[in-house]
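Subject: Structure for your review

Dear colleague,

Please find below the structure that I am handing over to you. My findings follow it.

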Amino acid sequence: MEQEQVRSLSGGVNQTGVRVFNERLILSLLQRNGPMPGSALARGTGLSSQTVSVILRKLETDGLLKRGEAQRGRVGKPSVPMGLNPDGLFSYGLKIGRRSAEVLLLDVCGAVRQQLRLRYPYPTPQVVFDFLQDSLARIETALPADQISRICGIGIATPFQLWTWHEQINAPKAALDDWRSLDFAAEISRFSDLPVHVVNDATAACRAEHIYGRGKAYRDYAYFYLAAFIGGGVVLNHRVLEGPHGNAGALGSLPTITKDGKDAKLLDVASMHLLEQRLTNQGEDPDRLWQQPMDWSGLEPAVEPWLDQAAEAIARASLTTCAVFDFEAILIDGALPAPIRTTLVQRTRAALASLDARGLILPRIEEGSIGPNARALGAASGPIISQYLLDTDSVFNAAL
């Protein structure tokens, strides 16, 4: 085999790398499980009690951890649980959608401190980044200086190849062309020196479900997220996969068929822009789909047939994904009212049971739990994960 065909393996880890890894391990356990005493952390990590104690003191001094109340009533010395300090770390999340943009400030415990939203007919870089710049200024005006200094980055959730969607969202082709060559980090550097992390919007939603929602209950699952266009994500061994090109879990591109037997992609039959078209054809205002809080009452003549179509298509896509990997569950979420999401999941279960699944064990079809905020939450979690938690195989190398 020629040398250029052999991929190199990860390098070794020095003492500093081990220390940083252990800190991230403890922070990750606390993020996932909530406050824990040092003894439980030692058991969960396999580290010595002394090592855990040293790390906890450092993280507390750094302001990342907060002591809880001593737990008494047991034999021996009272244990003191340590938990993440909600005021110890923050991150911005920007969701760029086909119809709206949102900016939020997230704390390390997953609480949204502030959130701003902008509606538009279609996204252009100038509109989106002017909104981001104005939102950062407005949010930071209301924050104490010590909290501003603890903002670790800006995560961006965006549809990939946004410039190719001009026909589906009725936008002039030239208006979206600027996204083709856009450098997100360079654009934001004009008004902020925070690190920038860009991720596919559906992958961001999957990350939010994995960290803050029902994804904690499953090791391996596929995730579908319905918005203007349906997308997805993949979790293997408790890790959200992005892939070398960021395309992992691009489930909207899965092939399917229409009711009349024509070839199509999942996004052509299960996306919410199709519901917009139904509403428009029936003389209803499609903007009702995106208003907050969400209320789709009275839209049943358009919603019901769309739900049937989307459920059948997602069921077929679920069967396809499980022929590639043995997922234990399929999670479905979206920018949907909770009762609509429940109905969609129920109909997807029924549709899946009617398909020819010979050779496969069918996965569980379950509801996601985050909803419309999933993409912005997942975006904001990116900087926190990359700098403080364990998430990828490169964490050792990043610490060197």
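I begin with leucine 275, which sits in helix 10 (residues 272–281). Please note that the model is a predicted one. Leucine 275 has a relative accessible area of 0% and is therefore buried, the cut-off being under 20%. Leaving aside neighbours within four places in sequence, its contacts are Leu289, Trp296, Ala302, Val303 and Trp306.

Tryptophan 296, another of the partners of leucine 275, has a list of contacts of its own. Not counting residues up to four places away in sequence, tryptophan 296 touches Met272, Leu275, Arg288, Leu289 and Val303, together with Trp306, Ala335, Leu336, Pro337 and Ile340.

The nonpolar cores

Which residues touch the most other members of the largest nonpolar core? They are Tyr92, Ile96, Trp179, Trp296, Trp306 and Leu344, in a core of 98 residues. Helix 11 (residues 300–324) supplies the largest share of this core, with twelve residues. Apart from this core lies another, of 24 residues, which includes Leu29, Leu41, Leu59 and Leu389. As general background, nonpolar side chains tend to be buried together in soluble globular proteins.

The cavities

Rolling a probe the size of a water molecule over the atoms shows where empty space is left. In this model there are three cavities of 30 Å³ or more. The largest cavity has a volume of about 140 Å³. Its lining consists of 16 residues, and Lys95, Ser100, Trp290, Ala335 and Arg375 are those nearest the centre. Two elements, strand 4 (100–107) and strand 5 (112–119), each give two or more residues to this lining. Sorted by class, the lining comprises seven charged, six nonpolar and three polar residues. Ala335, one of the residues nearest the centre of the largest cavity, is also among the residues that tryptophan 296 touches.

The second largest cavity has a volume of about 40 Å³. What classes of residue make up the lining of the second largest cavity? There are seven nonpolar residues, with no polar and no charged ones. The residues concerned are Leu27, Leu64, Leu84, Leu89, Val108, Tyr388 and Leu389. Of these, Leu389 was named above as a member of the core of 24 residues.

The chain as a whole

The chain has 14 helices and 14 strands. Its radius of gyration is 23 Å, close to the 21 Å that the globule rule gives for 400 residues, so the chain is as compact as a globular protein of that length. Along the principal axes, the C-alpha trace spans about 70 × 60 × 55 Å. Of the 400 residues, 51% count as buried. Among contacts between residues at least 6 apart in sequence, 66% join residues at least 24 apart.

A buried glutamine

Glutamine 147 belongs to helix 5 (residues 145–148). Is glutamine 147 buried or exposed? It counts as buried because its relative accessibility is 13%, and the limit for that class is under 20%. Beyond its neighbours within four places in sequence, glutamine 147 is in contact with Asp87, Phe90 and Arg113.

Backbone features

Most residues other than glycine have a negative phi, and most peptide bonds are trans.

The peptide bond from glutamine 292 to proline 293 is cis, with omega near -5 degrees. Proline 293 lies in the loop between helix 10 and helix 11.

Asparagine 237 is not a glycine, yet has a positive phi of about 50 degrees. The residue is found in the loop between strand 9 (231–236) and strand 10 (239–240). With a relative accessibility of 43%, asparagine 237 counts as partly exposed.

Histidine 238 lies in the loop between strand 9 and strand 10. Its phi is near 65 degrees, again a positive value in a residue other than glycine. Histidine 238 also counts as partly exposed, at 35% relative accessibility.

Yours sincerely

Key:
Residues are numbered from 1 along each chain as its sequence is written. This is a predicted model: local features need pLDDT of at least 70, side-chain atom pairs count only at pLDDT 80 or more; totals for chains, interfaces and linings use all residues. Side-chain values use heavy atoms; hydrogens and water are left out. On a 1 Å grid over the protein atoms alone, a cavity is a set of points where a 1.4 Å probe fits but cannot get out, and a pocket is an open set with protein on both sides within 12 Å along at least five of seven lines; lining residues have an atom within 4 Å of a point. Grid points are joined across faces, edges and corners, and a volume is the space filled by probe spheres set on the points. Helices (H or I, at least four residues) and strands (E, at least two) are DSSP runs, numbered from the N terminus. Ala, Val, Leu, Ile, Met, Phe, Trp, Tyr, Cys and Pro count as nonpolar, Asp, Glu, Lys and Arg as charged, and the others, Gly among them, as polar. A nonpolar core is a set of buried Ala, Val, Leu, Ile, Met, Phe, Trp, Tyr and Cys residues joined through side-chain atoms within 4.5 Å. Buried means under 20% relative accessible area, exposed over 50%, partly exposed in between (1.4 Å probe, protein chains only). Contact means heavy atoms within 4.5 Å. The radius of gyration is taken over C-alpha atoms; the globule rule is 2.2 Å times the number of residues to the power 0.38.
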